[in-house]
Amino acid sequence: MIQVIATIDLKPGCREEFLPLLNDNVPKVKAEDGCLAYDPFVDIDSGLSVQGEISDNVVTLVEAWSSIEALQAHLKAPHMAAYREKVKNMVTNVTIQVLKPI
């Protein structure tokens, strides 16, 4: 199993338009072979001193996949290409961390 933390940076003011498009795609991703979890999150202010900067322009996906191959297939899935096309004018950057348990 691997875990993925995907950070999606949005253009300012786009989050409310972006979230429904992302949420429409979530069930399609969860139905993929090898998807164990695929859950979007947004920042909240916890009041904890160790918390980093809060941003209204970031969405974080916490994912779990059965294998690297499942993740690679996910990135090539037709619904992902359609989703990327829909959101391309709202997203400024996407970064991922791919993690394995220790």
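Guide: A nonpolar core is a set of buried Ala, Val, Leu, Ile, Met, Phe, Trp, Tyr and Cys residues joined through side-chain atoms within 4.5 Å, and the model considered here is a predicted one.

Visitor: Which residues touch the most other members of the largest nonpolar core?

Guide: That core has 24 residues, and Ile8, Phe18, Tyr38, Val59, Trp65 and Tyr83 are those that touch the most other members; among the elements that each supply at least two residues of this core are strand S1 (2-10), H1 and H3. Tyr83, leaving aside its neighbours within four places in sequence, is in contact with Ile8, Phe18, Leu21, Leu22 and Asn25.

Visitor: Why is H1 called roughly antiparallel to H3?

Guide: Helix H1 (residues 15-30) and helix H3 (residues 78-87) pack at an angle of about 180 degrees, their axes lying 10 Å apart; since angles over 145 degrees count as roughly antiparallel, H1 is therefore roughly antiparallel to H3. By class, seven nonpolar, two polar and two charged residues make up the contact of H1 with H3.

Visitor: What makes Asp39 and Lys30 a salt bridge?

Guide: The closest N and O atoms of Asp39 and Lys30 are 3.0 Å apart, and the cut-off for a salt bridge is 4 Å, so the pair qualifies.

Visitor: How do you know whether Glu16 and Arg15 are buried or exposed?

Guide: Glu16 has 60% relative accessibility and, because exposed means over 50%, counts as exposed, whereas Arg15, with a relative accessible area of 16%, falls under the 20% limit and is therefore buried. These two residues also form a salt bridge, with the closest N and O atoms 3.9 Å apart.

Methods
Residues numbered from 1 in each chain as written. Predicted model: local features only at pLDDT ≥ 70, side-chain atom pairs only at ≥ 80, totals over all residues. Heavy atoms only, no water. Axes fitted to C-alpha atoms, helices over the stretch in contact; angles between N-to-C directions. Helix = DSSP H or I, 4+ residues; strand = E, 2+ residues; numbered from the N terminus. Parallel < 35°, antiparallel > 145°, perpendicular 65-115°, else oblique. Nonpolar A, V, L, I, M, F, W, Y, C, P; charged D, E, K, R; others polar. Buried < 20%, exposed > 50% of the residue type's maximum accessible area, 1.4 Å probe, protein only. Contact = heavy atoms within 4.5 Å. Salt bridge = Lys/Arg side-chain N within 4 Å of Asp/Glu carboxyl O.
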